Amino acid sequence: MGVFHGFFRKVCLGGFFMRRTRFSLWRLGTLLLFLLSAGASMMAGCDCQDTVGVTLDAEIQSIPKTLVFESVPIGQQLTREVVIKNIGRGGLIIKELSIVNESAGEPFQLLTKKDMPLEIAPGASERLQVRYEPKRAGIARGHIRTVSNAENSDSSGVYKIDLRSTELSADISVTPNPVDFGAVKPNDTKTIKVKIQNKGSATLELFSAEFEKNIEKEFAIVTNLAYPVSIDPGKSVEMELSYSPKKQQADEYLIIRNNSKATERFRLRLVGAMAAPDIEVKPLKLVFDKTAVGTKGLKTFEIINNGSDVLEVSGITLGAGTSADFDLPSLPSSWPLVIDPKSSKQIEVAYNSSDTKDDTGTVKIASNDPDSPEVKVELEGKAQGCNLIAAPTQLHFVKADRKQVSIINQGNRPCTYKGAYFSQTTSKEFSFFLPPPAAQVISPGQKLDFLVKFSPTDAKDDNGELIIESDDPDSPMLKVKITSKLASANLCEIVPNPTILQFGFVATGRSRQLPVVLTNNGYGDCFVTKLTITTNPGNSYQVRTQIPAQGQVIPSGSKFSVNVALTPAQAGTLNGVLTITSNDSRGKPITVKLVGSSGKLCLEALPDPMDFGAVKVGCSSGLQSMEIFNVCSSSVQVTALKFGANTNKKQVEFSIKQAPTFPRPVPFGQSITVKLSYVARDLGADLGTLEIANTLAGQSPIVVTLRGEGVNTDAQKDVFKQLNKPEIDILFDVDDSCSMSNDQSNLANNFTSFVKWASSLQVDFHIGVVTTDTGKKGCLRGSPKFVTPQTPNLTTAFGNNVRVGTSGSASERGLETSYQALTAPSLTGCNAGFYRQNASLSVIYVSDERDQSPQAVNFYINFLRSLKGIRNPDKIRASAIGPTPLATCQSSSSCRYYEVTKTLRGIYEHISSANWGATLSNLGAVTFGYRTQFFLSRPADPSSIQVKVNGQVIPQGTNGWTYDANNNSVNFSKNAVPSAGALIEISYNALCLPP
């Protein structure tokens, strides 16, 4: 009604007027019709105060403005839609709606039927469907004709919506193109079928097919077509062609005449070649740079068959006049030497320098190459010069890895390395890992190393070539072939080792930690997101390895070690499952079975783990001893020793060198000794287990962890740092029998002499006290149970703790109670928080009676050593104020406390003659002082040792350092002890012990 209201407003304002002069009589009639239908009431609604001059005209819009139809084959249909919208403010009335075809065949039809007149309110629209059905090739055109009152129509009320199609045409395609007949032997004929296809939307007409030249009549049409040929859209026909070679190469065109506009003369290329060998020899000159008279140089040239037929080399000989110093050492045993097409053979030439004169010569290669039946290689032997070779000449990868290439100067003059790069055809998955900078001089006998990195992104084989440039006159560009063939097609493929983690028997309250090594055999990164124990009887198993919240990345070819601990709180069989959740391409979590048992410990093997350290590949660690102790009250038989299921799998690296005959009884308190060695067979860490079978129910086998690492060099640098604030745990083991009252007081009263060293050196210490009475289970005495630098009234607190009383057992067992204090259940129970794994440990025994502990002294020595690991002897020390004079102990083997302190580098004082202030001061200096002894990680050649402190070379001698061959350690003199925070670097050549 708003349309009518606006109309009458204009009447009230003085009459209806038109904005456009082309107002038609038909429109005027339409408006009068509106007036009559509105009625008198609308006249009453005129508001003569409305703004003058406002018009409410209809305006037509089509979406899209032009309707374009994609080409379809003749005879098929395509329907599309157009929207007619009234974008004006007045009502749109369409009187006529029709299709006008401007192309023959009436390809456009209006499918939507509407009653006329068609009224469309402002903002409203109507949808029309138009069908396109082509009858012939070309472009179809037309329009939708509307006759309406739209303000934007022409003077006749006509508004056109254009209709158009894309062009319908034939499109010829021929496959294969070009037609490559390859290499064909003379007098042979090869045929190939070609397919002629119509990829257009109109019928393709073929009129003829003729060769452009074909002078030698090498090509022929075997199966022709009956022209003219009609091919419907999407259809095809076949034609068979043949090739009979008359010359070395053939290149021709077959012209196919057709009705496609773009390619009315379609040119189909035909190529072929006559099969024949084509010899290439490189280099054509070999220059030998003599290293010394009487030595032998070896170089190679390559015979390459670039042809398409077999190359037969009938002879390779030295030419006339060639120096006798040249030789062909590795010629074939029979002739001809056959080289397949696109293949090659390497031929060696030796130069045996017999004098200082330059030598020359030639090598003649005779073959069946029709163009070059004989090729010559010039030989030149120089009296001196540089001569670089690459070793190896090929790198092959089976996983993501780094491999080394060396260039070696075999000449007697320096060579200059100019640079290295990869050929343009080399896969991007090969790259340098820290390439050496260019312009380096390589002296005679020296080498320069490169590391090539392979980082696969897919499972495809890759290849390439490393090119190394230098000033070597005969080999200025050394080439190293690089290939890969991945062992796995999976992006991430995690392989656990072992798949069954055998903990063996672990005593209740003790803990054993073993690793599971996860290897990524896939070609991409693995992401481990969760490590869980999914089957865990009694919560006995714990994962000790933490992974980042976003997941642990294991690059292709890399390993990641997951440590699992068995800490049983109950006896019996304990079987669990470790589950590794990751992006493994096989779609399932990885599981590792956990197998162990627990109960009261009877056999203990020390050290555990047995760590052989770093050993050069091909060398041995030498012998290391393991002792198996019986800590039970009855005799036990050891029935056998064997390596675990996952030990020595690829090759034998761990070996038992000396062992008793089994079965072997081990009485209570005694032990047997086994000696083992480790031989590094390859690079990388090696893990294994030794299983000790025995007659104890539920305790067989006892499992000991074995470790070693293969390295590729003799050169070794051990780096240490003198801590700014050392951490140390100190355990006083004090006799609490009836005769010890005064000695306890002396110890308490002179504690200041001991602890002053800790204050001056700013040591972070824990100091605790236990007694020699085994009935007290090695629990720390007093309150607090141990003192630290932050303990209020430190001296008083220690004095109270160390006065342990005199009501203890008269059977003093200090070694045993220190063992109790430092093992479960006491270590994790009554002594919780005292012992720190990363801190050094010092045990100080104070007793006026000999030690009566049940086990052999070696058991306690090996136990204390094993706490910090056999590779860290500097982190454990034992001292004693004991019952026997030092001189007596030095000439006797019955002083058990002395034996412990002597082996573990401590101080021994006689309790009756001790000057307590001086004695405790000496103990403090040894216990808290900066390290003076540094143990080397590999057996050292003493003559090669060099010591630096903060980058300054320290001289060997009484005012610097000395080497202790028995302990394989460097010891600093009193005047040369490295200061707090100092960086100590000890470089040396490791000895290679024979396997």
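Contact here means heavy atoms within 4.5 Å. The views below come from a predicted model, in which local features need pLDDT of at least 70 and side-chain atom pairs count only at pLDDT 80 or more, while totals for chains, interfaces and linings use all residues. Residues are numbered from 1 along each chain as its sequence is written, and side-chain values use heavy atoms, with hydrogens and water left out.

View A. Helices (H or I, at least four residues) and strands (E, at least two) are DSSP runs, numbered from the N terminus. Eight of the eight residues of α7 are buried, where buried means under 20% relative accessible area, exposed over 50% and partly exposed in between (1.4 Å probe, protein chains only). These residues are G814, L815, E816, T817, S818, Y819, Q820 and A821. They pack against the strands β46 (603–606), β56 (727–734), β57 (764–771) and β59 (840–846), and against the helices α8 (857–868) and α10 (896–903).

**View B. Strand β57 and its pairing partners.** Seven of the eight residues of β57 are buried. Two strands pair if DSSP finds at least two bridges between them. β57 pairs with β56 in the parallel sense over eight bridges, and in this pairing D729 has H766 of β57 as its bridge partner. With β58 (residues 786–787), β57 pairs in the antiparallel sense over two bridges; here F786 of β58 is the bridge partner of G768.

**View C. Packing of α7 on α8.** The two helices pack at an angle of about 30°, with their axes 10 Å apart; axes are lines fitted to C-alpha atoms, for helices over the stretch in contact, and angles run from 0 to 180 degrees between N-to-C directions. α7 is therefore roughly parallel to α8, a term for angles under 35 degrees. The crossing is left-handed, meaning that the near helix is turned anticlockwise from the far one by less than a right angle, whereas clockwise gives a right-handed crossing. L815, E816 and Y819 of α7 meet F859, Y860 and F863 of α8. Five of these contact residues are nonpolar, none is polar and one is charged (Ala, Val, Leu, Ile, Met, Phe, Trp, Tyr, Cys and Pro count as nonpolar, Asp, Glu, Lys and Arg as charged, and the others, Gly among them, as polar).

**View D. Crossing of α8 and α10.** The axes of α8 and α10 come within 10 Å and cross at roughly 35°, in a right-handed sense. V857, Y860, I861, L864 and R865 of α8 contact R896, E899, V900 and T903 of α10. The residues of this contact divide into five nonpolar, one polar and three charged.

Methods:
Angles under 35 degrees count as roughly parallel, over 145 as roughly antiparallel, 65 to 115 as roughly perpendicular and the rest as oblique.
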